[in-house]
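User: I would like to learn how to read the features of a structural model, step by step. Please give the general idea in each case and then show it in the example.

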Amino acid sequence: MTDQAPPNPCVWKNPLAVWGTATGNAEAPSIRVPDPRDAWRKNTAFKVATYPVGRLKYFVIWPHHGRRTWNRTRWWPTRRNLLNIGGLYNRKTAIPEKRILDRRPIYWLLSLCLLLIGPLLFPQAHMNALLTAGATFGIFAAINVCWTLIIGTASIFSLATYAVVGTAAFVTSLLSIRAGIPWYALPPIGAFIGLGFGILIAAPALRLDGFYYALLTLGLNELFRVFFTTSKQFGSASGGLYGADSFINQNWPPLTQSMVAYYASLCLLIGSLFLFRFINGKRLGRVLRMAPEKHEAFAAAVGVDYKRARITIFLLTSVALGFIGGFYAAQYRGVAYSIFDFQTVLLGLAMITIGGIGRAEGAVLGTLVVIFLRDVLLELGPWRYLIIGAAMLGVVLFLNNGYFGIRRQFNAWRAKKRGEWRSGRTEKGGEALPEEATEINDKDALYFRRFDKMQRDYLKELIRPEIIEEHRRQPLGQHSEALERVLLYFRRAKMEDKYALHRAGPAGPYKIIAFSGVRGVSPRLVDDREFSTLDEAYHAVFMRRVHDLLET
Amino acid sequence: MDIAFVIVNAVTVAAIYGLIAIAVSITWSSLGLINLAYGFIFSFAGYAAWLMAGRMPTNPYLIAGTGIIAGGIAGIIVCLLVFIPLHDKPAFTSRGMIATLAISLIGSQLFLMIFGPTSKSLPDLFGRWKVKLFDITLTADKIGIVVCSIAMLIGVVLWMRSSRRGLEIRAMMMNPHAASIVGIGIRRTGLYVMGLTGAMAGLASVLLSQTYYIAPFSGLTPLIKGVSIALCGGLGSVQGAVIAAILLGLVEALTNKFLGGQYVLMTQFLFIILVLVVRPRGISGLVDIAREQ
Amino acid sequence: MTEVLKIEGLSAGYGPLRVIHDLDLVIHPGERVGIVGLNGHGKTTLFYAIAGLTGWQRGSIVLNGKQIGRTRSQGPGRYTHQIVRQGLAIMPQGDEIFQGLTVEEHLDSGAFTPEAWRTRKERKERVLGIFAPLRKLMKTPVGRLSGGERRMVSIGRGLMTDAKLYLADEPTLGLAPKIGIAVMEALLAIDLKDSAMFIAEQNVALLEGKVDRIIGMHAGKLKGEASSSFRLSGSH
């Protein structure tokens with residue numbers, strides 16, 4: 001409704017006036033009705049701006065499910081399937097299909113196979129250097145996977161991981177050198193030492209919040225460094241301990257020694273991945289996913305004992321780290337002080353940050369990148385650490401959660417942008433946006449919405465003071481074309497929230513109510529105003545409907 | 001006398017590490033950033049002072065001043081690289097901490113490449129005079145260190161209480177949302193805070209190099225000690241950091257006297273763990289209004 | 001004379017939810033405008049959008065002849081401190097206070113331009129003249145004050161600079177009726193020379209007759225009394 005003069009004034013003459021009218025409604029000022037077919041043509045003409053359609057998630061799709069969905073290959077003795085495959089019917093073609101819903105096991109398998117056949121692919125000239133680097137990669141990747149368990153799953157920001165490994169390595173080396181303990185006993189003894197260490201630093205882990213604990217463990221790392229570097233029996237004179245027993249025989253040719261070291265480290269890595277899977281993927285990890293950061297109080301109130309789960313994970317990983325420490329001593333025959341350096345902690349942090357904190361694949365990828373930069377590109381000299389530091393800084397500045405968090409970060413950004421575009425384009429009750437349209441299964445509903453919107457836009461132009469005055473004078477009976485079109489639209493509306501009149505007594509006052517649209521639910525009172533005559537009440541309902549129309 | 005000598009040493013050490021602890025506390029409580037790049041700032045300031053000492057070895061004020069200003073510049077560099085890009089992104093606290101560690105790594109490598117691994121030393125800033133007080137010989141550098149640290153601390157506290165910038169910093173410590181309503185820009189205040197705390201670390205570097213040397217990795221031990229003191233005193237409270245510095249200095253002194261030098265770190269950490277187990281937020285964590293994460 | 005505030009076609013919302021639909025508004029110097037409406041209909045969103053504390057998607061806001069804010073949502077509050085320096089004083093809903101600071105320091109913090117900082121003593125006197133009960137409480141930390149006193153501090157803080165536009169979001173919210181009336185009277189008694197005041201209030205009775213215009217806000221659209229320079233949107 002505007003204040004301007006109506007564009008097409010005319011005078012409507014009641015066709016029934018020839019036979020006389022009861023109410024004296026022979027003619028009324030009205031407006032000329034524009035052709036509704038114009039609105040249709042304009043709307044369906046192909047100049048509508050098309051926006052890019054929403055989600056595009058790509059699934060690998062195989063044809064034909066059905067018989068094979070039940071009798072599938074499983075991991076004996078469990079009922080667990082080989083791959084997470086979902087069977088469904090294609091919406092468009094009605095052909096049955098199979099989709100792999102989770103492709104990660106395939107990627108893991110491929111990567112591990114690549115690592116296993118790695119030595120066959122290394123160039124002969126650098127074989128030794130690459131094998132040594134590979135062995136280092138295996139051990140550090142195993143340490144970082146365990147560290148990811150602590151930082152990611154258990155949310156305990158501990159920086160003392162390398163201290164645990166170093167302590168276990170040093171003590172087992174000492175035992176091997178002094179007491180002649182054989183190499184196969186070193187990892188289990190290391191595991192015990194790791195357990196002891198874990199118990200020691202587990203108590204503050206519960207009491208302190210995240211970053212307080214991080215700083216405390218940083219200090220502990222330093223403490224252990226000073227202790228070991230200044231104590232004579234731990235080799236302060238020689239920069240470390242050497243001479244422990246090893247499973248790598250000194251008499252083998254050097255290439256064989258490197259190969260054994262490489263594959264042994266890989267086995268350690270696979271073992272740590274199994275540990276990650278069994279802790280993170282099973283009950284403990286699930287318990288802790290129910291108690292995310294800042295919502296722990298709620299989880300505790302619901303009965304989730306997250307503290308115990310965290311401590312359990314912490315102790316289990318400390319055992320694992322101790323085991324790795326013992327293994328380290330057994331493989332390299334000893335250990336140097338550099339493992340307690342602040343530099344090592346920084347490199348370890350770089351490794352798990354670059355890949356993404358909280359995911360095993362992140363730890364492995366980050367370790368690969370950093371070890372490659374540090375141990376393979378030796379010609380770069382001091383630039384290596386610079387590049388590693390720059391990579392760490394870059395990843396932390398631009399990525400929310402390392403390399404493997406890119407997908408989630410992008411999706412979140414895209415959802416935010418989509419919400420903004422949508423809020424700039426939605427109108428109440430308007431046409432469905434493309435991104436909503438792909439989610440609605442019944443496409444008829446979309447066409448109905450579009451048609452409805454066209455109608456309403458057209459009718460909005462027809463609402464003028466003349467129409468309202470005409471209706472006020474005579475709510476029922478013959479009306480001009482403009483008013484008739486509006487009334488027919490109102491009468492066709494669906495029952496939900498449709499206005500109606502309620503009569504208190506036989507000639508009683510009328511009130512406006514609205515239907516609920518649901519069987520058995522009584523209508524609700526819309527307005528307290530009472531109308532004494534029916535005509536007044538009809539007009540009031542009409543005004544309300546006009547008001548609602550104009551608001552959309 | 002023995003104990004007095006040891007106490008004097010403890011106070012000296014506490015003064016230097018206390019400066020860093022207070023810097024860490026202020027940065028955390030006003031910006032929500034744990035700045036572990038003090039290794040970088042330390043070495044930066046130390047090398048700048050050394051370069052100045054090479055030109056004008058006889059002017060202690062100039063050398064110290066260069067160190068302080070260089071520390072401030074390094075702090076601002078860290079702010080530009082870490083705080084300003086990250087402060088409104090998710091997981092800001094852990095990412096910020098890791099970013100400062102990355103700067104530490106890059107910085108120490110750069111210094112290693114530019115200045116080489118040999119340590120450098122600064123000339124004595126305070127001269128070589130001695131004072132005898134109640135049978136204790138106090139050397140000039142010890143008096144100088146304590147006096148300078150206390151002067152800087154008092155200066156910083158006074159400035160925070162009386163100037164507009166100090167008011168802004170304190171306001172941001174309490175309610176960053178309301179701060180923007182009164183025209184306090186987070187990024188500009190961040191620059192001020194990191195410049196100020198960098199300057200404090202720069203002064204600590206210059207003072208510390210009276211006793212120790214300047215090397216690419218020389219900033220690590222003071223960083224860890226300063227951070228432990230800040231932790232013990234409660235991240236975010238200045239008086240907590242002062243109290244913790246004094247207590248830890250005492251612990252160091254007593255351990256030195258009765259158990260021997262190599263157990264100092266152990267006793268200090270046992271003390272810190274004890275304090276943290278009793279009061280998880282540090283000594284002043286409950287008294288002061290420390291910032292919640 | 002340029003308008004103090006001119007909003008054209010503003011659309012603001014949170015994510016896909018649009019709260020304010022195509023809003024147009026003009027406020028002239030020396031004017032006191034009240035805006036009434038139920039909770040959840042967009043009054044606070046409108047104030048936050050003007051101050052830049054929330055992102056808005058379409059339209060333009062011109063304060064004192066200068067365009068403020070941007071349509072790209074950069075993160076709420078990123079440019080608020082610059083917008084505030086253009087001459088905006090916002091007293092948000094439920095006080096945003098600094099708990100550890102004393103009342104005097106609070107008032108000081110409101111004086112953010114260099115000129116205001118230099119003359120802060122006189123300005124504080126002026127504020128104390130309007131809110132007399134604060135004089136005894138100058139050295140108390142604000143966290144210890146009662147609701148009404150805190151509201152007075154929050155409003156007084158907004159008065160410490162010479163702002164062109166004062167935005168007061170529900171000044172009587174949560175206060176006892178007598179204190180609410182006192183606060184509102186003090187607010188309405190402030191002499192606006194060239195500035196304008198924009199008060200959002202649920203209690204219409206407190207505003208009737210004392211402000212130049214009252215606008216209603218319903219479901220993100222303005223309705224109600226129109227002055228000649230005030231255009232309604234849509235086809236009403």
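User: Which pattern does chain B follow along the sequence?

Analyst: In this predicted model, chain B reads α-α-α-α-β-β-α-α-α-α-α-α-α along the sequence. That amounts to 11 helices and 2 strands.

User: How does the radius of gyration of chain B relate to that of a compact globule?

Analyst: A compact globule of 293 residues would have a radius of gyration near 19 Å, and chain B has 19 Å, so the two agree. The C-alpha trace of chain B spans about 60 × 50 × 35 Å along its principal axes. Of the residues in chain B, 59% count as buried.

User: In chain A, what is the order of strands in the open sheet of 3 strands?

Analyst: Strands of a sheet pair through backbone hydrogen bonds, in either a parallel or an antiparallel sense. Here the order is β8-β9-β10 in chain A, with antiparallel pairing. Strands β8 (499-503) and β10 (524-525) of chain A are at the edges, each with a single partner strand, so one side of each lacks a neighbour in the sheet. Between β8(A) and β9(A) there are 5 bridges, and Tyr499(A) stands opposite Ala514(A). Helix α20 (residues 534-551) of chain A lies across β8 and β9, at about 155 degrees to β8(A).

User: Is Ser173(A) buried or exposed?

Analyst: Burial means a relative accessible area under 20%. Ser173(A) has 0% relative accessibility and therefore counts as buried. This residue belongs to helix α5 of chain A, and its side chain reaches the backbone oxygen of Ala169(A) at 2.6 Å. Beyond its neighbours within four places in sequence, the contacts of Ser173(A) include Leu241(A) and Val335(A).

Definitions and conventions
Residues numbered from 1 in each chain as written. Chains lettered and ligands numbered in written order. Predicted model: local features only at pLDDT ≥ 70, side-chain atom pairs only at ≥ 80, totals over all residues. Heavy atoms only, no water. Pairing = 2+ DSSP bridges. Helix = DSSP H or I, 4+ residues; strand = E, 2+ residues; numbered from the N terminus. Contact = heavy atoms within 4.5 Å. Axes fitted to C-alpha atoms, helices over the stretch in contact; angles between N-to-C directions. Buried < 20%, exposed > 50% of the residue type's maximum accessible area, 1.4 Å probe, protein only. Polar contact = N/O pair within 3.5 Å; in protein donor to acceptor, adjacent residues only side chain to side chain. Rg over C-alpha atoms; globule rule 2.2 N^0.38 Å.
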